[in-house]
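Below are my comments on the model, as numbered points. Please read them alongside the coordinates.

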Amino acid sequence: MSSQKITQIMTIFFIIFSASYCSATIHLQGEIHHPKTSDNWDLTLEHHSPRKNTVAKKYPVIICHGLVGNRNYFKIKEEESIVYRLISNGYDVWLLDLRGRKDAGTPSLFFGDKKYDYSFDDYAIKDVDAAISYVLDKTKAEKVNWIGHSMGGMVVYTRLGTFKENRIANLVTLGSPFSFPNTTKYLKAMSSNFTFLLRVLPVIPSANLAHMESDYKIPLPNTPIRLFYYKENTEKEVEHALKSLSTNNESPNVLKQFAAGIETGEILSLDRNTSYTANLKNIKVPALLIAGRRDHLGTPMIVRYVYDNITSSDKTMFVAGRADGLAEDYGHVDLVMGTNSDKDINIPITNWLNERNK
Amino acid sequence: MNILIQFFQNTIFLPSTGKSKNPLAIFFTKQTLIRKKFFKFEVIALIFLLISCATQTPRNIPKHNFSSLLQVKEFTPKEPKLISPVVIYEPILLKESVLFRIEDKKEKGLIAYLNDKGYTVYLITSGEVSPNFKNHSLEFDSILNQIAQKHRNREVILGGTSLGGQAVLEYMTIPFDLNNYARVAKVFFIGTGIDYNYTGSFAEKSDQFGYEEKLVSELCPKGVKNHFCYKYIRLNNSLQKVDNSKKEMYYNRVPKIGNDYISRFHYSKLQLPYLFIYGKLDSISPEESIYPLFHKLRTGSKMDSRNTLYEASEANGQSIDYDHADLFLYPDVNKEVYYKLYRWLEK
């Protein structure tokens with residue numbers, strides 16, 4: 001058999017094999033909006049109205065994704081997702097994509113006015129502000145409920161603590177770190193590798209790496225993956241959809257602020273002049289803080305630190321694990337899309353919000 | 001056929017009948033001779049082993065009458081070093097035998113591991129169903145004194161294991177003016193919960209469900225799902241091959257758990273060097289209960305570098321995320337976790 005024929009056969013196999021894995025789709029789709037930030041970036045807000053025959057709740061809900069993610073992973077589980085759970089309970093739900101996510105236009109690598117040069121500060125100061133203003137304008141509500149996973153909670157810790165945000169009625173965070181008191185070996189290694197990459201790359205190609213594994217079966221190292229989610233608690237199709245549809249490339253400046261956090265133990269502004277962590281004490285809104293027992297990023301220890309330092313009179317800490325009768329000890333992303341996350345996580349969140357949205 | 005028989009005779013069955021030119025035969029001849037020699041060695045070794053087993057007496061563990069309330073057992077190394085002795089309070093939730101797994105030749109448990117490194121270890125046990133740590137503190141103090149005297153007034157190293165570590169924490173609330181403060185060189189905790197002052201903590205649940213002061217056998221009825229053992233003691237790693245009904249044999253009783261040692265912790269004790277080791281999946285003595293004290297030590301003491309918080313987890317390069325039981329029973333715990341303790345003790 002000639003080498004040409006072998007190449008042809010291999011190509012056909014590759015296409016068939018890839019195609020079988022490229023079929024990740026999400027059927028739960030809302031209405032797309034693109035609010036503008038004060039510095040002229042487009043964001044994406046996906047609106048899901050409450051389901052029929054439900055009692056409307058007091059405040060709408062904004063849900064915000066984490067680092068290197070986009071809004072899609074909140075919908076991957078379709079009717080078992082947090083979005084579906086909330087709209088089934090009468091909530092007006094708005095899924096937020098922070099700047100730099102492709103549905104609002106992918107930034108350029110080197111040229112143009114929209115590049116991957118934004119920071120965590122931009123997310124917290126401009127994007128969150130634009131999103132809240134837009135939702136309040138559309139819904140005519142006085143305040144919003146905020147649910148943030150990982151960095152999606154951190155941006156609001158920053159806004160509430162340092163920038164005196166007063167339009168958030170209730171706060172739910174899932175695996176959101178805001179200090180790094182005991183950095184593990186692999187997190188340190190990742191951080192030091194980032195420091196090198198941040199100097200040479202115009203963008204952190206996290207989405208490209210995830211697609212390499214999900215669509216082309218080029219495996220990523222197992223250990224860093226385990227820092228993000230617990231495979232044994234994640235269905236295969238969900239895992240595939242996470243990598244294929246819900247990862248995003250990230251700006252080096254955002255990663256720089258995380259690396260500085262790991263180095264100093266605190267979340268600092270990009271110029272390192274302000275400690276956002278030190279301002280946690282200014283947070284007074286009712287808060288539900290959730291950590292996964294197996295989470296290696298937003299660990300229960302870090303969540304305890306936040307719990308101890310915010311001054312809300314109504315605050316609850318919940319460590320998602322078997323000790324509370326849950327099906328599994330949850331990892332970082334499993335909190336949103338774990339095998340039993342609807343029953344274990346979404347229902348307690350909804351119940352907590354229901355108590356505060358009468 | 002004859003040729004075939006001759007081949008087999010030459011190769012396997014009759015290696016000594018003349019020199020064969022068949023390379024296979026030469027190979028097997030050598031192998032058989034080696035096996036014969038080795039067999040002799042094996043027999044000698046076996047006889048030696050049988051004799052040594054027959055003459056071996058059970059290890060004599062001296063018990064001291066240092067206290068009328070608490071029992072003190074001494075574990076002396078074969079080659080003791082002139083270093084501080086280690087005093088460990090029993091785990092309580094787990095049976096004390098998990099600390100000296102002498103039935104396991106390869107992995108010996110914490111006490112045997114420390115003995116191997118030359119440390120004399122004293123194990124303190126209460127024997128009560130629900131030990132009163134508050135009442136024990138003065139007794140504890142007196143015991144430390146006597147142990148120090150026995151070791152030429154050398155400072156002692158204090159160790160808290162599992163929920164028994166709360167006895168050490170209680171001791172740390174005693175004011176400075178007691179003479180014995182100077183007797184303690186270092187303090188370490190393995191799997192000890194410290195500050196349970198938050199919503200949904202293990203202490204809160206144990207109060208709510210009436211776990212306190214109960215024997216674990218009452219809390220883990222056989223054939224009932226979702227009981228205490230299922231929720232808090234995964235045992236997936238250390239004892240995964242052990243039958244469910246036998247897992248309970250490693251557990252003892254749930255003591256009355258102190259909620260908050262942070263506010264009562266005496267400032268003078270903040271100056272000591274501390275090591276905290278916790279398992280990532282430990283829901284009994286979880287990381288979030290340990291951190292507040294570590295944070296207080298870090299901000300209240302100038303000895304930052306000597307205070308260490310260590311997570312036994314995959315994220316730190318270990319083979320598993322450790323749970324409560326794994327910290328004492330996982331086969332690789334010596335080289336993955338106790339080694340860190342040894343390095344810290346040697347500093």
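1. On strand pairing: two strands pair if DSSP finds at least two bridges between them. Helices (H or I, at least four residues) and strands (E, at least two) are DSSP runs, numbered from the N terminus. Strand β6 (residues 168-174) of chain A pairs with β7(A) in the parallel sense over 4 bridges. Within that pairing, Leu174(A) has Ile290(A) in β7(A) as its bridge partner. On β8(A), β7(A) has a parallel neighbour joined to it by 6 bridges, and here Leu288(A) is the bridge partner of Thr316(A).

2. On provenance and numbering: this is a predicted model, in which local features need pLDDT of at least 70 and side-chain atom pairs count only at pLDDT 80 or more, while totals for chains, interfaces and linings use all residues. Residues are numbered from 1 along each chain as its sequence is written, and chains are lettered from A and ligands numbered from 1 in the order in which they are written.

3. Is β7(A) mostly covered or uncovered? Strand β7 (residues 287-292) of chain A is mostly covered, with 6 of its 6 residues buried. A residue is buried if 20 or more other C-beta atoms lie within 10 Å of its own, exposed if 12 or fewer, and partly exposed in between, with C-beta atoms placed from the backbone. In a regular strand the side chains alternate between the two faces of the sheet. In β7(A), Ala287(A), Leu289(A) and Ala291(A) point one way, Leu288(A), Ile290(A) and Gly292(A) the other, and all are buried.

4. On the crossover: β7(A), α10(A) and β8(A) form a right-handed β-α-β unit. Right-handed is used here for a path from the first strand over the helix to the second that runs clockwise, with the strands pointing away from the viewer.

5. On the interface: 29 residues of chain A are in contact with 24 residues of chain B, contact being C-beta atoms, placed from the backbone, within 7 Å. On the chain A side, α5 (185-200), α7 (222-228), α10 (300-309) and β8 (315-320) each give two or more residues. The most, 7 residues, come from α10(A). This side divides into 13 nonpolar, 7 polar and 9 charged residues; Ala, Val, Leu, Ile, Met, Phe, Trp, Tyr, Cys and Pro count as nonpolar, Asp, Glu, Lys and Arg as charged, and the others, Gly among them, as polar. The model scores ipTM 0.87 and pTM 0.84.

6. On the core: the largest nonpolar core has 179 residues, and Ile62(A), Ile63(A), Leu96(A), Ala131(A), Val87(B) and Ile277(B) have the most contacts inside it. Such a core is a set of buried Ala, Val, Leu, Ile, Met, Phe, Trp, Tyr and Cys residues joined through C-beta atoms within 7 Å. Helix α3 (residues 120-139) of chain A gives this core its largest share, 10 residues.

7. On confidence in chain B: pLDDT, the predictor's confidence in each residue from 0 to 100, averages 76 there, and 69% of the residues score at least 70. Helix α1 (residues 2-13) of chain B is lowest, at a mean of 41, and strand β3 (residues 86-89) of chain B is highest, at 96. Over residues 48-58 of chain B, pLDDT stays under 50, and the model has 0 contacts beyond four places in sequence for them. Where pLDDT is low, the predicted coordinates should not be read in detail.

Notes. Two residues are in contact if their C-beta atoms, placed from the backbone, lie within 7 Å.
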